[in-house]
There are 2 protein chains.
Amino acid sequence: MKQKIEQYYQHLKEQKILEGIDALLNWDQEAVMPAGAVEFRSEQLSYVSKKHHEISTDKAYVSLVNDLYESRSTLDSVDARSIEVSKKNLDKSIKLPTEFVEEAAKATSLSHQAWLDAKSKEDFSIFQPHLEKQIELKKKYANYIDSSKPIYDVLIDDFEEGMTGEKIDAIFHNLKTELKSLLSKIKSKEKTGEFSKFKFETPKVKEFIQFMTARIGFDFNRGAAGEVHHPFESSLSPNDIRINMSYYHKDLSSSITGAIHELGHGLYEQNIDKKYHHTDLSAGVSLGIHESQSRLLENMVGRSKAFWNYFGNLMSDYLTFEPISPPSTPLRMTLGGEIQVENLVNDLNIVKPSLIRIEADEVTYNMHIILRYEIEQMMLNDQIKISELPEVWNSKMKELLNITPDKLSTGCLQDTHWSIGAIGYFPTYTLGNLVAGQLWNKFQSENPNFQTELLEGDFSSYFNWFKENIWQHGSFIKPNDLVKKVTGEELKSEYFIEYLRSKYL
Amino acid sequence: MKQKIEQYYQHLKEQKILEGIDALLNWDQEAVMPAGAVEFRSEQLSYVSKKHHEISTDKAYVSLVNDLYESRSTLDSVDARSIEVSKKNLDKSIKLPTEFVEEAAKATSLSHQAWLDAKSKEDFSIFQPHLEKQIELKKKYANYIDSSKPIYDVLIDDFEEGMTGEKIDAIFHNLKTELKSLLSKIKSKEKTGEFSKFKFETPKVKEFIQFMTARIGFDFNRGAAGEVHHPFESSLSPNDIRINMSYYHKDLSSSITGAIHELGHGLYEQNIDKKYHHTDLSAGVSLGIHESQSRLLENMVGRSKAFWNYFGNLMSDYLTFEPISPPSTPLRMTLGGEIQVENLVNDLNIVKPSLIRIEADEVTYNMHIILRYEIEQMMLNDQIKISELPEVWNSKMKELLNITPDKLSTGCLQDTHWSIGAIGYFPTYTLGNLVAGQLWNKFQSENPNFQTELLEGDFSSYFNWFKENIWQHGSFIKPNDLVKKVTGEELKSEYFIEYLRSKYL
């Protein structure tokens with residue numbers, strides 16, 4: 001048995017090497033690669049996917065995993081759980097023909113570049129055939145995996161085990177009602193922010209963000225910061241976690257909150273216990289849990305008064321708040337020549353329907369997700385033609401947020417997800433918000449002094465509590481079990497709604 | 001036959017995919033990867049090397065190449081030459097056990113990181129065991145390939161086909177004498193430069209260099225600029241050429257001339273005819289020819305008056321020449337508040353023994369190469385112990401340039417080459433200078449108006465002549481044949497010596 005376990009980890013090691021290479025090829029395509037290289041890159045990616053699929057469905061490996069899975073009750077708990085995860089992945093991959101995997105990888109790399117191109121040229125027709133291809137590939141995929149289930153259920157299960165369209169419908173239905181009611185009450189307090197009235201030098205913004213992320217706890221000896229079109233975190237190996245930021249959004253606030261968001265993902269990945277590194281438990285357990293960590297750090301911590309009481313002054317060591325044009329009335333944020341932390345925090349927490357999801361406030365953010373979820377269902381079930389997407393998008397925006405995109409790049413071409421085949425992925429963002437609400441409630445009750453500590457830039461109780469309760473476990477504990485273990489309750493949306501209510505009403 | 005050719009290119013495609021991935025893993029290790037990730041990265045690199053070795057010595061491929069090689073006289077000239085190159089590579093790789101290839105790749109990645117660490121800590125003992133390992137691996141390698149030849153001859157043949165230690169001894173002996181005589185005459189004209197008296201903002205330097213490299217002809221749609229400790233060019237695919245610069249050298253001049261140098265390599269790789277992309281002729285033909293392109297652009301063009309008459313004013317749009325401390329006498333380079341191009345060019349052409357090879361002037365540069373060549377021979381032939389390297393280095397510096405390094409990072413730890421197993425590589429730099437001298441002579445005789453065109457920033461005759469005569473051919477024409485074809489003569493050192501004489505005496 002011991003020998004089999006060793007052989008199993010030997011196989012896994014090869015898979016992990018290829019996964020790391022795949023992550024690097026993708027990371028580089030986003031962060032550095034010149035546009036003209038996309039054909040060759042798509043061949044490199046396709047090759048790696050093909051190899052990965054070959055070795056992870058290789059006969060020796062399959063029988064090893066199946067044998068060990070049968071005997072899992074006799075194994076050490078880490079080995080047993082790793083094999084459980086491998087078995088689950090295996091049962092899926094074995095159903096996919098290698099040619100399909102290869103085709104999908106190649107199509108995705110090309111589609112991603114087409115999306116970049118379409119977005120920069122504001123031309124949907126460049127992206128349309130690629131999105132059609134992605135939808136077709138997803139349908140094929142779902143058919144290979146389990147043709148008896150709704151397509152959406154097959155897709156979302158890859159990101160959030162056990163989740164279904166039906167469950168999401170129920171959660172989103174309730175949430176939509178609550179958010180509408182909340183939004184109607186908040187509206188009266190609406191203000192216009194001032195962040196976009198200042199200009200900043202990108203290199204200085206980078207320096208400040210580097211300082212801030214390190215200060216909160218990112219380990220730059222085991223991670224790096226990349227610059228990309230659309231922020232994301234990626235793991236090239238357990239000691240190479242990349243938090244990738246965008247510094248070109250319309251204002252400083254999105255650069256900063258975006259960076260704090262990716263930092264939340266990065267801290268999770270960097271603090272998984274070493275003992276899981278060689279197992280199939282070496283990453284965050286699900287996208288919902290992952291997103292809870294990024295959203296919690298971004299919103300509950302990173303938009304708080306205490307946080308900016310500490311970082312506000314430090315920020316002015318790096319950045320000069322220079323108005324783009326002379327303001328007609330003095331700007332609240334820099335009254336008396338100094339940054340006014342309270343006004344800055346107000347601006348970070350303005351609730352107002354906006355076009356871009358990643359720049360949205362905590363309340364309307366979830367409307368953006370509901371919109372995407374509803375459109376995904378329509379595309380997968382042929383309720384709309386892909387050519388109609390821009391139109392459908394705009395009418396949904398009108399319905400949910402009562403605003404209309406002025407162009408494609410702020411409308412249906414804003415997100416990278418569909419271009420890389422991440423369909424069924426968006427709902428995990430809102431699940432993450434719900435988990436964040438529930439964890440935040442628990443964390444605060446167990447760390448009543450955190451707000452005071454934060455004023456001094458002391459992140460230790462945050463870091464320790466989340467490392468202890470969430471991060472270290474990697475994929476060892478299943479998402480539902482983890483939420484229950486930490487908070488004593490099943491996941492429910494009440495905590496998140498309550499958090500929004502008490503903050504904004 | 002046609003089918004065999006197709007199969008051959010199919011095999012080659014897989015090799016090229018792995019070579020591109022290998023180049024990316026190495027590029028990223030230099031440019032982005034955090035130090036803590038080196039163990040995992042070395043496993044990724046080792047895996048790719050192993051796979052590459054497996055497929056490039058795979059039975060089907062071997063018999064395909066051997067068969068086609070036998071029939072090469074009946075083939076199209078491109079196919080025939082590609083097969084010739086593949087056969088040459090194959091005859092070497094087939095002699096290497098896979099375990100050796102894997103071990104060497106892993107050792108090299110670790111050794112490289114140890115070198116970075118040793119250099120930054122000024123501690124030779126960190127690097128010593130790794131260099132010992134590299135020397136041991138090189139001896140083993142030479143023994144596998146051809147135990148009847150001197151070790152050095154086996155090693156240099158990988159970089160410069162047909163070159164031997166004996167030939168280099170002869171060239172370097174003559175060159176050393178000529179350079180000594182030249183240096184004794186130039187000395188009286190020696191001045192101290194002013195570049196190091198100014199400070200510049202790195203982001204602005206980057207912007208200027210980006211502008212300048214694009215202006216000369218680098219295609220950023222098919223290439224990118226990276227930031228690294230030690231400048232180099234690398235090719236991730238024919239449409240992804242990376243020129244990697246360092247902006248942290250002691251002064252602006254090394255950042256700029258270093259960038260022009262890598263640009264020379266990059267232009268060569270970017271302008272290889274498309275028809276070679278899928279063949280084994282898709283890269284520059286030898287290191288000597290490659291280096292001729294980088295040294296020619298850096299020195300003959302990039303340090304010339306005409307070049308700076310054009311770029312000098314443009315540079316001041318990007319950079320402010322601000323003295324580090326108030327100068328005791330007005331600085332020549334910024335007299336009257338404006339950049340004085342003539343003084344700037346003088347400073348770019350000061351001949352003066354210095355510690356760092358990549359910052360050396362055109363004349364003393366070759367002494368740095370001779371030093372490294374002599375030490376490599378001593379290390380490979382056990383004439384010195386690796387522990388004695390710092391001492392031997394310093395005494396050679398005294399002998400050849402009459403100066404002594406003050407620390408390891410400006411002495412024997414300055415170069416990355418030995419850390420990555422590139423031993424037998426340095427002489428190609430000086431060969432490159434000789435080729436550059438001969439090509440420059442020919443180019444000028446055929447383009448008598450170039451200096452005038454350059455004043456206006458017109459690079460077209462340079463770009464067209466080198467594309468036509470050198471770049472487009474990739475590896476189709478052998479290095480010696482190429483020099484002869486273009487200049488009508490065998491390679492000789494006289495042109496280079498004459499170039500130095502007429503410029504500096």
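Biologist: Leaving aside its neighbours within four places in sequence, which residues is Glu194(A) in contact with?

Modeller: Contact means heavy atoms within 4.5 Å, and by that rule Glu194(A) touches Leu331(A), Arg332(A), Met333(A) and Asp347(A), with neighbours within four places in sequence left aside. Glu194(A) sits in the loop between α8 (165-186) and β1 (198-199) of chain A; helices (H or I, at least four residues) and strands (E, at least two) are DSSP runs, numbered from the N terminus.

This is a predicted model, where local features need pLDDT of at least 70 and side-chain atom pairs count only at pLDDT 80 or more, while totals for chains, interfaces and linings use all residues. Residues are numbered from 1 along each chain as its sequence is written, chains are lettered from A and ligands numbered from 1 in the order in which they are written, and side-chain values use heavy atoms, with hydrogens and water left out.

Biologist: Good to know! Why does Glu194(A) count as buried?

Modeller: Buried means under 20% relative accessible area, exposed over 50%, and partly exposed in between (1.4 Å probe, protein chains only). Glu194(A) has 5% relative accessibility, so Glu194(A) counts as buried.

Biologist: What makes Lys4(B) and Asp67(B) a salt bridge?

Modeller: The rule asks for a side-chain nitrogen of Lys or Arg within 4 Å of a carboxyl oxygen of Asp or Glu. For Lys4(B) and Asp67(B), the N to O distance is 3.0 Å, and the two side chains meet in a salt bridge. Lys4(B) lies in helix α1 of chain B and Asp67(B) in helix α3 (residues 59-70) of chain B, so the pair ties together parts 63 residues apart in sequence. Lys4(B) is partly exposed at 32% relative accessible area, and Asp67(B) is partly exposed at 34%.

Biologist: Why does the pair Asp240(A) and Arg41(B) join two chains?

Modeller: Here the side chains meet in a salt bridge (3.6 Å, N to O). Asp240(A) lies in strand β4 (residues 240-245) of chain A, while Arg41(B) is in helix α2 of chain B, so this pair joins two chains. Asp240(A) and Arg41(B) are both buried.

Biologist: How many salt bridges are there between chain B and chain A?

Modeller: There are 6 between chain B and chain A. One pair is Arg242(B) with Asp28(A), at 2.7 Å, N to O. The side of chain B that touches chain A has at least two residues from each of several elements, including α1 (2-31) and α2 (38-56); α1(B) gives the most, with 10 residues.

Biologist: How much area is buried between chain B and chain A?

Modeller: Buried area is the accessible area (1.4 Å probe) that two parts lose on being put together, summed over both. For chain B and chain A it is about 2,900 Å², with carbon and sulfur atoms giving 65%. Pro34(B), Phe40(B) and Tyr47(B) supply 19% of the area that chain B buries against chain A, more than any other three residues.

Biologist: Finally, how do you know what relation chain B has to chain A?

Modeller: Copies are superposed by least squares on the C-alpha atoms of residues with pLDDT of at least 70 in both. A rotation of 180° with 0.0 Å of shift along its axis puts chain B on chain A (RMSD 0.0 Å). That is the relation of a two-fold axis. In chain B, the C-alpha of Pro203(B) is nearest the axis, 3.5 Å from it. The same surface serves both copies, as 97% of the contact residues of chain B recur in chain A.
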